[in-house]
Amino acid sequence: MPHIEPPSANPPEGETATEITGGERRTSAEPGGGRRRTRRNDPDRKTHILDATLDVIAEHGVAGTTHRHIAARADVPLGSITYHFASLTDLQTQAFARHVTLQSAVFENLFEGVTTREQLVDVLVDLVRGGPARHRSAVLGFELHLAALRNPGLRALTQAWTEDSRTVLARFTGPDSAARLDALLEGMIMHALLTTAPESSERTREAIDQTLGPAGRPGS
C-alpha cells in the first residue's frame with residue numbers, strides 16, 4: 001500500500017476546526033478581503049467516506065484502493081480523508097467493520113418469517129445464486145477475507161462475522177449443522193462469483209438439502 005503521511009492536526013484546506021467538530025462551517029476569507037462565508041456542517045461526512053471506500057474496494061480491490069480514489073468517489077477534499085482517518089489501513093478497517101455490521105443485519109433479516117425447511121432452503125438457494133443486487137456485498141466479503149490473510153488485525157472482524165452468521169443459522173439447524181452449512185454457503189457463493197458455467201438452482205438446492213441432513217422442521 002502506498003505510504004501516506006499521518007493526518008495533519010489542521011483541518012482540510014479551506015475549512016476550520018469548527019467545520020470538523022460541528023456547528024457552522026466557515027470558509028477562508030474571500031479574495032479582496034470580503035467577509036467569510038458560512039455553510040452548514042456535514043455531520044455524515046465520515047460515514048460518507050466509509051461508504052465511498054467500500055465502493056472503491058469493490059471496484060478496485062484492496063490493493064488498488066488509494067486515498068485519491070476514495071476522495072474522488074466521496075466527492076470530498078483529499079484533506080478530509082487524512083483528517084478523519086489516521087492511515088489508509090485505518091480507513092479500510094473501519095470501512096470493513098461497517099460492512100460487517102450492515103451485512104450481519106441483512107443476513108438476519110433474510111430469515112424473517114421462515115418457519116419451514118422448504119422456506120429455509122429457498123432463502124439459502126437465493127442467497128447463493130444472488131444476482132446483481134448481491135454481487136457487490138459478496139465481492140466485499142471476499143476482499144475482506146483476502147485482506148485478513150495479510151492483516152491479522154482484520155481477523156477479529158472475519159471471526160465475528162462468521163460467528164454472527166452461524167448464530168443465525170443455528171436457530172434453524174443446531175450449532176454443528178450451522179457450521180457446516182456456513183462453510184458450504186461461503187464456498188458456493190465464491191463458486192457462483194467465479195464460474196463461467198453456473199450450476200442450476202436444483203443442484204444448489206440438493207447440496208444445501210444434503211448438508212442440512214434428514215428432513216425436519218427448522219431448528220429440530
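A residue is called buried when its relative accessible area is under 20% and exposed when that area is over 50%, with partly exposed in between. Please keep in mind throughout that this is a predicted model.

**The whole chain**

Begin with the entire chain in a cartoon view. The chain holds 10 helices and 2 strands. Followed from the N terminus, the elements run α-β-β-α-α-α-α-α-α-α-α-α. Of its 220 residues, 36% count as buried.

**Thr-53**

Select Thr-53, which lies in helix H2. Is this residue buried or exposed? Thr-53 has a relative accessible area of 0%, which is under 20%, and therefore it counts as buried. Display the side chains around it. Leaving out residues up to four places away in sequence, Thr-53 touches Ile-70, Leu-91, Gln-92 and Ala-95.

**The largest nonpolar core**

Next, select Ile-49, Ile-70, Ile-81, Leu-91, Phe-96, Leu-144 and Leu-154. Within the largest nonpolar core, which has 25 residues, these seven touch the most other members. Which elements give two or more residues to this core? They are helix H2 (45-60), helix H3 (67-74), helix H5 (88-110), helix H7 (132-150) and helix H8 (155-173). The largest contribution comes from H2, with 6 residues.

Centre the view on Leu-144. Not counting residues up to four places away in sequence, Leu-144 touches Phe-96, Val-100, Leu-154, Thr-158 and Trp-161. Apart from this core lies another, of 21 residues; among them are Leu-127, Leu-169, Leu-185 and Ile-189, which may be selected in turn.

**The aromatic cluster**

Select Phe-107, Phe-111 and Phe-172, which form one aromatic cluster. How many aromatic pairs does a search of the whole structure find? The search finds 2. Phe-107 and Phe-111 form an edge-to-face pair, with 5.0 Å centre to centre and 70 degrees between the planes. Phe-107 is buried because its relative accessibility is 12%, and Phe-111 is buried because its value is 5%.

Turn the view towards Phe-172. Phe-111 and Phe-172 form a tilted pair, 5.5 Å centre to centre with 35 degrees between the planes. Phe-111 lies in the loop between H5 and helix H6 (117-129), whereas Phe-172 lies in helix H8, so the pair ties together parts that are 61 residues apart in sequence. Both Phe-111 and Phe-172 are buried.

**Glu-186**

For the last stop, select Glu-186, found in helix H9 (residues 175-194). Its relative accessibility is 33%, so Glu-186 counts as partly exposed. Which residues is Glu-186 in contact with, leaving aside its neighbours within four places in sequence? The contacts are Phe-142, His-145 and Thr-162. Finally, use the distance tool on Glu-186 and Gly-141: these residues are 45 apart along the chain, and their C-alpha atoms are separated by 9.6 Å.

Key
Residues numbered from 1 in each chain as written. Predicted model: local features only at pLDDT ≥ 70, side-chain atom pairs only at ≥ 80, totals over all residues. Heavy atoms only, no water. Core = buried A, V, L, I, M, F, W, Y, C linked by side-chain atoms within 4.5 Å. Buried < 20%, exposed > 50% of the residue type's maximum accessible area, 1.4 Å probe, protein only. Helix = DSSP H or I, 4+ residues; strand = E, 2+ residues; numbered from the N terminus. Contact = heavy atoms within 4.5 Å. Phe/Tyr/Trp six-rings, centres within 6.5 Å; stacked < 30°, edge-to-face > 60°.
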